Amino acid sequence: MAARGPSGAVAGHPAGNLGRRIALRREELGLSREETADRAGMAPSYLQYLESQPTAAPGMSSLLSLAGALETTVLELTGGDVDLPPGLGQAGRHPQFTELTPEECHDLLSTHGVGRLAIDTASGPEILPVNYGVDAGAIVFRTAPEHATSRVAGARVAFEVDRIDPAFSQGWSVLVRGTADTVTDPEEIRRLDEQAYSAPWAGGERDLWIRIDPDTITGRRITVT
């Protein structure tokens with residue numbers, strides 16, 4: 001087990017909000033720390049410091065270099081847009097709209113952790129965010145028996161994930177349609193518990209697993225030239 005320093009950070013792992021955002025964006029782009037540092041014109045050791053020290057406070061020039069290297073904005077990198085809805089940037093001058101292949105849709109689904117579940121309730125349609133995983137091509141998520149998301153068992157639902165990059169006026173979305181069912185097999189529940197990426201962000205006891213077996217998966221991407 002890695003030793004913890006006085007700050008409580010594990011050496012080499014993102015600790016502060018800025019460090020977590022840098023590391024997450026690197027992973028989204030498939031970049032190593034060395035590749036990112038080279039793009040930003042800084043030493044890999046300095047980038048490691050930024051990722052691992054929660055008190056790190058780089059200057060604006062370093063933030064601008066990092067934002068450019070990570071194809072994002074300083075606002076997004078520092079969390080200044082956390083309370084803003086995505087997509088506030090201007091549309092690109094020459095957007096290109098393309099349909100995603102089934103393989104691309106599956107790849108994008110497997111990299112995401114939060115999606116939106118569209119359900120029908122007594123008061124009308126609702127769209128709720130859930131932490132999800134992908135298991136053998138199916139969407140799986142945890143909920144509690146008293147929550148609205150548990151009442152989708154046996155119903156047809158829609159599930160959507162997306163990524164919007166306001167800095168470059170581009171993004172993608174994937175839509176899954178299928179039937180939701182409660183997972184009841186003890187061995188399957190144990191396996192899903194063990195492979196879960198994280199606990200539900202909403203907290204609380206959520207040990208009821210729901211599986212959505214897709215009937216259709218479609219996706220779209222907007223890029224600019």
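The model is predicted: local features need pLDDT of at least 70, side-chain atom pairs count only at pLDDT 80 or more, and totals for chains, interfaces and linings use all residues. Residues are numbered from 1 along each chain as its sequence is written, and side-chain values use heavy atoms, with hydrogens and water left out.

**Exercise 1.** State the accessible surface of the protein and the share of its residues that count as buried.

*Solution.* The accessible surface comes to about 13,100 Å², and 54% of this belongs to carbon and sulfur atoms. Buried means under 20% relative accessible area, exposed over 50%, and partly exposed in between (1.4 Å probe, protein chains only). Of the 225 residues, 36% count as buried.

**Exercise 2.** Locate the salt bridge between Arg156 and Asp215 and describe the exposure of both residues.

*Solution.* A salt bridge is a side-chain nitrogen of Lys or Arg within 4 Å of a carboxyl oxygen of Asp or Glu. Arg156 lies in strand 6 (residues 156–165) and Asp215 in strand 8 (residues 208–224), so the pair ties together parts 59 residues apart in sequence. Arg156 is exposed at 53% relative accessible area, whereas Asp215 is partly exposed at 49%.

**Exercise 3.** Determine where the partners of the Glu188 and Arg211 salt bridge lie.

*Solution.* The two side chains meet at 2.4 Å, N to O. Glu188 belongs to helix 7 (residues 186–195) and Arg211 to strand 8, 23 residues apart. Arg211 counts as buried, at 12% relative accessibility.

How values were computed:
Areas by Shrake-Rupley, 256 points an atom, 1.4 Å probe, with all protein chains shown as cover. Helix = DSSP H or I, 4+ residues; strand = E, 2+ residues; numbered from the N terminus.
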